[in-house]
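Welcome, and thanks for taking a look at this one with us. Please open the sequence and the structure side by side, and then follow the notes below.

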Amino acid sequence: MEITARGLWTMIHGMGFGALYLLACSGALAQIYRCCAPGATAAGRRGQRFLGAYLVVMAVLAWLTVFTGAYVIYPWYRALPPAGTSNLADFPQRLLMSNPATIGWHSIGMEWKEYLAWLVPISITMAAAVCLRYGPSLRNFPQLRRAVLGFIWVSLLAALIAGFFGAMLVMHAPVEGGAAIRLMQGEMP
Amino acid sequence: MSKDTVLIPKTLTSGSGAAAILAAGIGAFLVAILAIAADKFPSVRSLMIFYKPTGPLSGVTTCALIGWLVAWAILEGLWRRRSVALGWVNAIAFVLLLLSLLLTFPPIADLL
């Protein structure tokens with residue numbers, strides 16, 4: 001079982017940081033409703049402090065996702081092949097653009113994802129900052145709470161879109177190359 | 001006093017929250033506007049290449065993040081001690097956020 005260095009980074013970006021963020025979204029939304037809903041218990045409101053820390057962790061995950069995506073993986077994705085290259089397997093963008101059946105994954109999928117994804121850390125950083133600033137008092141600012149919830153919902157939507165296109169891009173033109181990393185040695189039949 | 005009552009510190013107004021929300025909307029919108037500008041105008045495109053391997057994405061996102069943080073700092077300074085009409089702030093922030101969702105979608109951006 002081997003994986004290339006670029007494949008490993010892609011996995012860390014998508015299945016590590018990105019997927020963890022998506023999983024964490026449902027927890028954040030549930031915790032905000034639990035802490036701030038009318039009739040929330042004192043224990044529920046104590047969870048507000050936990051919520052602040054939870055959102056900070058989510059913001060860190062979101063920033064790690066976009067920075068590894070933009071500055072580690074994207075340069076490999078958009079690398080230009082030397083003139084005369086016929087095998088485009090190491091040049092995912094060019095591979096997608098070489099076929100009318102796959103060009104849309106780049107011209108719509110990647111071109112949307114590369115910018116849309118940045119709405120996620122901006123939104124969740126705002127949510128974390130507001131939750132930390134207001135703490136249990138957030139319950140007394142219903143419009144603030146609604147805005148925080150709205151931004152988290154939009155960040156979830158943006159992360160889902162980016163994640164979907166990320167998965168499709170990996171399926172059609174995986175970012176591969178670099179040193180091979182042996183994960184495990186299998187047995188010959 | 002009921003144990004369920006939450007005391008609001010006297011210094012805690014809606015201003016800080018409003019500043020964070022509106023700044024987030026501005027930051028998101030900046031990402032979309034700068035992305036469109038870099039796509040439409042070759043001069044902007046070359047100006048936005050801060051890190052060559054990443055191309056214009058590096059400049060677009062760096063400028064948008066700086067704009068977001070500057071807007072946040074300015075609004076925080078202006079509104080920290082004030083109570084702000086959150087209805088308007090939320091409405092503007094969400095319009096900006098939804099516009100940025102739409103404007104980053106290439107088929108819509110290409111119509112502009």
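B:Leu12 sits in the segment before H1 of chain B, and this briefing on a predicted model starts there.

**Starting point: B:Leu12**

- Is B:Leu12 buried or partly exposed? It counts as partly exposed, because 18 C-beta neighbours lie inside 10 Å, and a residue needs 20 or more to be called buried.
- Setting aside neighbours within four places in sequence, B:Leu12 is in contact with A:Tyr134 and A:Ser137.
- B:Leu12 and B:Leu75 are 63 residues apart in sequence, and their C-alpha atoms are 16 Å apart in space.

**Chain B as a whole**

- Chain B has 5 helices and 0 strands, giving the pattern α-α-α-α-α along the sequence.
- Its radius of gyration is 18 Å, well over the 13 Å that the globule rule gives for 112 residues, so chain B is more spread out than a compact globule.
- Along the principal axes, the C-alpha atoms of chain B fill a box of roughly 65 × 25 × 25 Å.
- Of the 112 residues in chain B, 40% count as buried.
- If you take the contacts in chain B between residues at least 6 apart in sequence, 79% of them join residues at least 24 apart.

- H1(B) has 26 residues, which should span 38 Å at 1.5 Å a residue; the end C-alpha atoms are 37 Å apart, in agreement with that.
- How many of the 26 residues of H1(B) are buried? The count is 22, so H1(B) is largely enclosed by the rest of the structure.
- The buried residues of H4(B) include B:Leu86, B:Val89, B:Asn90 and B:Ala93. Also among them are B:Leu96, B:Leu97, B:Ser100 and B:Leu103.
- These buried residues of H4(B) pack against H5 and H6 of chain A, and also against H1 and helix H5 (106–109) of chain B.

**Chain A as a whole**

- Chain A has 6 helices and 2 strands, running β-α-α-α-α-α-α-β from the N terminus on.
- With a radius of gyration of 20 Å, well over the 16 Å that the globule rule gives for 189 residues, chain A is more spread out than a compact globule.
- The box filled by the C-alpha atoms of chain A is roughly 65 × 40 × 25 Å along the principal axes.
- Among the 189 residues of chain A, 42% count as buried.
- Of the contacts in chain A with a separation of 6 or more, 79% come from residues 24 or more positions apart.

**Helix H1 of chain A**

- H1(A) covers residues 5–36, and its 32 residues reach 45 Å from the first C-alpha to the last, close to the 46 Å expected at 1.5 Å a residue.
- Where is the kink in H1(A) centred? Look at A:Ala19, where the kink is about 30°.
- The buried residues of H1(A) include A:Arg6, A:His13, A:Phe17 and A:Tyr21, with A:Cys25, A:Cys35 and A:Cys36 also among them.

**Where the chains meet**

- Chain A gives 36 residues to the contact, and chain B gives 35 residues.
- On the side of chain A that touches chain B, helices H2 (42–77), H4 (103–116), H5 (119–134) and H6 (142–172) each supply at least two residues.
- By class, that side of chain A has 23 nonpolar, 6 polar and 7 charged residues.

- The largest nonpolar core has 88 residues, and A:Ala127 and B:Val31 have the most contacts inside it.
- Helix H1 of chain B (residues 15–40) contributes the largest share of this core, 17 residues.
- Not counting residues up to four places away in sequence, B:Val31 touches A:Tyr115, A:Trp118 and A:Leu119 in chain A, and its partners in chain B include B:Val60, B:Ala64 and B:Thr104.
- A:Tyr115 lies in helix H4 of chain A and counts as buried because it has 28 C-beta neighbours inside 10 Å.
- Beyond its neighbours within four places in sequence, A:Tyr115 is in contact with B:Val31, B:Ala32, B:Ala35 and B:Thr104.
- A:Tyr115 and A:Ile161 are 46 residues apart in sequence and 11 Å apart in space, C-alpha to C-alpha.

Notes:
Residues numbered from 1 in each chain as written. Chains lettered and ligands numbered in written order. Predicted model: local features only at pLDDT ≥ 70, side-chain atom pairs only at ≥ 80, totals over all residues. Helix = DSSP H or I, 4+ residues; strand = E, 2+ residues; numbered from the N terminus. Expected span 1.5 Å × (residues − 1). Bend = angle between axes of the 7 residues up to and from the residue. Buried ≥ 20, exposed ≤ 12 C-beta atoms within 10 Å, placed from the backbone. Contact = placed C-beta atoms within 7 Å. Nonpolar A, V, L, I, M, F, W, Y, C, P; charged D, E, K, R; others polar. Core = buried A, V, L, I, M, F, W, Y, C linked by C-beta atoms within 7 Å. Rg over C-alpha atoms; globule rule 2.2 N^0.38 Å.
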